[in-house]
Amino acid sequence: MDLVVIEEIRQLKFRYLRTLDLKQWDAFAETFVPEATADYGDGLVFDDRDAIVAFMRESLGPQMITVHFCHHPEITLEPDGAEGVADRALGRWYLEDKVIMPEHRLILEGAAFYDDEYVRTPDGWRISRTGHRRTYEATMSMDGIEGYRLRIGTAYDEPG
Amino acid sequence: MDLVVIEEIRQLKFRYLRTLDLKQWDAFAETFVPEATADYGDGLVFDDRDAIVAFMRESLGPQMITVHFCHHPEITLEPDGAEGVADRALGRWYLEDKVIMPEHRLILEGAAFYDDEYVRTPDGWRISRTGHRRTYEATMSMDGIEGYRLRIGTAYDEPG
Amino acid sequence: MDLVVIEEIRQLKFRYLRTLDLKQWDAFAETFVPEATADYGDGLVFDDRDAIVAFMRESLGPQMITVHFCHHPEITLEPDGAEGVADRALGRWYLEDKVIMPEHRLILEGAAFYDDEYVRTPDGWRISRTGHRRTYEATMSMDGIEGYRLRIGTAYDEPG
């Protein structure tokens, strides 16, 4: 078990999630290889990195707050162990997400299992395939929550 | 600090949580030794693996959605370090859980500290004792949440 | 990449979060060096450990429930690698928090990015600087949630 590689891949995923929620799209793009594919369910299927990043950039405008936490990494390397240095890896994660849409007065909450593939490149590990399948998704109206008050924080001030 | 063993134990716990939420009861059972015990509080005490699995299988029917995330693993090995190879370990985790019961129109949310014991077997690490103590638990009615709409995802389609 | 040090620092952070939520203030204090500083945003700036601990002790009375989960650790050591043994580290984490205030009938939920600095001491790693910047914070009234019922668990019975 190559723990350094496993840690490098966890860091890659954390960077993907951090730049996604902070809408730092150039840094988000750098977590993928150009030919990366994605399938986020509900027909949200993308055939390369440009398509993935364009979709996120267009869907997640400055008025939306997204929270994506990934838990329980189960990462396997290929090859693993004595056969040689891994140049490909698979990762399963348990996603917890929340999307707050003040313009639509909606909140979405859900959970899903992510299945990723990663590849080693001269610049480090990158995502070559990603996607998830939900266990559930719940939407609700902000207007129904008594006294609901939303404040945007300063984390977005960070240079993108 | 034997980091490989710590990672193996984290993987075991993630498998326990994943098979629990996906209701894959045979794979869930395989995370325990036969003589494993559990104490989930409120008198939910079980004396062996069969009793734990039977309880989960009966309580968590297909109409219920459960979400169990375990954070902050604090795992200690016994013996640890130069004294020899660990064959027993203790684990503390911080649980975040949510249970959605559409038939009863109820949602439960809570947090708890898990205290586990693990043992090394010829087939790898297994749970020999588990249980948690809650910090809090809140229940609420789905009917009181304006516009509440629940969708079940495709993750359960995975073969159990 | 010194994985043992990274794991030691994760353990330190988990102890900080566990003792914070369990209100074990003496053990909480031990996660800091005496000269540690903190900036939790909104002017909550503290110049030493005593000030941090006093603020938490006074703000978080027995009637409040706090839940602080830290996800996605991105820890970098200084120096890292062949240059020598690390004696300083930086850590970024993604905080998910919830505060339940039964006396005020309020619930607060939010997320933030933590930026920490850690130093090696003769007694192990300690926090020398901490703080976070929020992505969002939402407050709501408990009274608006139909059928809301809160139960306090037994985790607080643990000796502090």
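This is a predicted model: local features need pLDDT of at least 70, side-chain atom pairs count only at pLDDT 80 or more; totals for chains, interfaces and linings use all residues.

User: What is B:Ile9 in contact with, leaving aside its neighbours within four places in sequence?

Analyst: By that 7 Å cut-off, the partners of B:Ile9 are B:Ile75, B:Ala89, B:Gly91, B:Tyr118 and B:Trp125. B:Ile9 also belongs to the largest nonpolar core, which has 97 residues. Together with A:Ile9, A:Leu95 and C:Ile9, B:Ile9 touches the most other members of that core.

User: What makes residues in H1(A) count as buried?

Analyst: A residue is buried if 20 or more other C-beta atoms lie within 10 Å of its own. Residues of H1(A) that are buried include A:Val5, A:Ile6, A:Ile9, A:Leu12 and A:Phe14. Charged names turn up as well, among them A:Glu7, A:Lys13 and A:Asp21. Over chain A, buried residues make up 32% of the 160 residues.

User: How do you know that the span of helix H1 of chain A agrees with what it should be?

Analyst: Helix H1 covers residues 3–21, which is 19 residues. At 1.5 Å a residue they should span 27 Å, and the end C-alpha atoms are 27 Å apart, so the two agree. Just after H1(A), A:Lys23 takes a positive phi of about 55°.

User: Why is the relation between chain A and chain B called a three-fold axis?

Analyst: Chain A can be laid on chain B by a turn of 120° and a shift of 0.0 Å along the axis, with an RMSD of 0.0 Å. That is the relation of a three-fold axis. In chain A, the C-alpha nearest the axis belongs to A:Ile145, 4.0 Å from it.

User: What makes up the side of chain A that touches chain C?

Analyst: There, 24 residues of chain A are in contact with 22 residues of chain C. H1, strand S3 (65–78) and strand S7 (149–152) of chain A each give two or more residues to that side, and H1(A) gives the most, with 8 residues. By class, this side has 14 nonpolar, 4 polar and 6 charged residues.

User: How do you know that S7(A) and strand S6 of chain C pair?

Analyst: Pairing takes at least two bridges between the strands. S7(A) and S6 (residues 124–141) of chain C have 4 bridges, in the antiparallel sense, so they qualify. Across this pairing, A:Arg151 stands opposite C:Glu137 in S6(C).

Note on methods: Residues are numbered from 1 along each chain as its sequence is written. Chains are lettered from A and ligands numbered from 1 in the order in which they are written. A nonpolar core is a set of buried Ala, Val, Leu, Ile, Met, Phe, Trp, Tyr and Cys residues joined through C-beta atoms within 7 Å. A residue is buried if 20 or more other C-beta atoms lie within 10 Å of its own, exposed if 12 or fewer, and partly exposed in between; C-beta atoms are placed from the backbone. Two residues are in contact if their C-beta atoms, placed from the backbone, lie within 7 Å. The expected span of a helix is 1.5 Å times one less than its number of residues. Copies are superposed by least squares on the C-alpha atoms of residues with pLDDT of at least 70 in both.
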